[in-house]
Amino acid sequence: MRWKNKGHEYDEVYRCISAKKGFYLFGCGDYGKQFLKSFQKDVPVIGYIDNNPAKQRELICGKKCIGLNNLILKEDEGIILTISQIDRTGAIEQLEQQGYQKDIDFFLIEEFISVFYLYRYDKVYFLSVSFLPSTVCNLKCRYCLNFNPFAKEFYVRDWEALKADVDLFFANVDYIMLFHVSGGEPMLYRYTADLIEYIDKNYRDRIGTLRTVTNGTVVPTEEMLCKLGKCRVEVTVDDYREAVPQYNVQFDELIRKMEEYQIPYYINKADSWVDLAPEKTDYSAMTEEWLIQHRSRCGQTWQELRDGKLYSCNYAAYAAVAGIAGEQDLEESYDLRRHTVDKKKELIEFRLGYTEKGYTNFCKKCRGFTAHDTDLVEAALQVKENSC
């Protein structure tokens, strides 16, 4: 989205939010449960909405759950869409078909959190951020969203630079629902446990969920496991055993070690990935207005934190590091080193997708992170030798 009224883009949205006395959370999965845990003290939550009939028969985190068709929304009630970006397209269509309007009757989770806390409490709250210390990985996935198959070498960050970024981030951000330490394969980076330990010790009270991830093929060292076991961190274990069955033994051993060291974990069985198709996409001839619309339609809401800056699209940032997106313009990042307290609304607007240009250079090579425009492909499909 391109800035039109910097510092005031969400004035009207907050007016609509402030008129509500209670909210339903549409989606009782990961985001929905995290939202309730982090914000129920300030945000009056009536209950959950979910399309799964089984969930409608039980209490979710102590709240009732109903189907959207059974909802009778009062004028002073609203809906917060607590569904991840790739899965929310259908829910938005369902809401609009029933006459609900975005930013009037329903609000996206990332926009609600940031706008509500900034306008009401003068606090900078984020939904999430991606923090990538290294792209080093033992797999070579054809559709890797770090674009490792295209990179000439892995990208590895210095330990002191990581700590500086974390300190700078929390010097400007009051609270974040999900701080995600990503990769690459984090269990192969020598400082992953030290980084999580540093965040946990210094900033854990300002984080809803501190999380890292592993591809399930690497058993961490005893030292790393011991450190992680003492931190308040969750580990997502991706289950790619169908794609890489040669790592089945390592997967089982990893799970055994997680339980031995009492590290909270969740097994993510990913049947498919999205293909942003940078090697097949060419939108370079499209007009600037088309590219702005292309970026606005994209459901991608994650940003990367790196070298003192937030990057407006983490996939564009990954592509630039991999060498397939060209140079990143200054408009594609927000320099936290130059941020001042009088620019809080500008920072929030950038985090929610506004930039001077309205799109990234990578948008010219990216199909977009949406359910309608992106093909699903086999998860963790490995690149064959002697192929790109």
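**Salt bridges and cavities in the predicted model**

Lys102 is partly exposed, with a relative accessible area of 33% (buried is under 20%, exposed over 50%, and partly exposed in between, using a 1.4 Å probe and protein chains only). The partner of Lys102 is Glu111: their side chains meet in a salt bridge at 3.3 Å, N to O (a salt bridge being a side-chain nitrogen of Lys or Arg within 4 Å of a carboxyl oxygen of Asp or Glu). Glu111, at 8% relative accessibility, counts as buried.

A quick word on the ground rules: the model is predicted, so local features need pLDDT of at least 70 and side-chain atom pairs count only at pLDDT 80 or more, while totals for chains, interfaces and linings use all residues. Residues are numbered from 1 along each chain as its sequence is written, and side-chain values use heavy atoms, with hydrogens and water left out.

Searching the whole structure turns up 32 salt bridges. One of them joins Arg2 to Glu289, with the closest N and O atoms 3.9 Å apart. Arg2 sits in the segment before helix H1 (11-18) and Glu289 in helix H9 (residues 288-297), so this pair ties together parts that are 287 residues apart in sequence (helices are DSSP runs of H or I, at least four residues, numbered from the N terminus). Both ends are partly exposed: Arg2 has a relative accessible area of 29%, and Glu289 has 48%.

Glu223 and Lys227 make a local pair, again with the closest N and O atoms 3.9 Å apart. Both belong to helix H7 (residues 222-229), four residues apart, or about one turn of the helix. Glu223 is exposed, at 57% relative accessible area. Elsewhere, a network of salt bridges links Glu222, Glu253, Arg256, Lys257 and Glu260.

The largest cavity comes to about 100 Å³, volume being the space filled by probe spheres set on the points. Its lining takes in 14 residues, with Arg295, Cys298, Cys313, Cys363 and Cys366 nearest the centre. H9, the helix that carries Glu289, and helix H10 (314-322) each supply at least two residues of that lining. By class, the lining has nine nonpolar, four polar and one charged residues (Ala, Val, Leu, Ile, Met, Phe, Trp, Tyr, Cys and Pro count as nonpolar, Asp, Glu, Lys and Arg as charged, and the others as polar).

Terms used:
1 Å grid on protein atoms, 1.4 Å probe; cavity = no way out; pocket = protein on both sides within 12 Å on 5 of 7 lines; lining within 4 Å.
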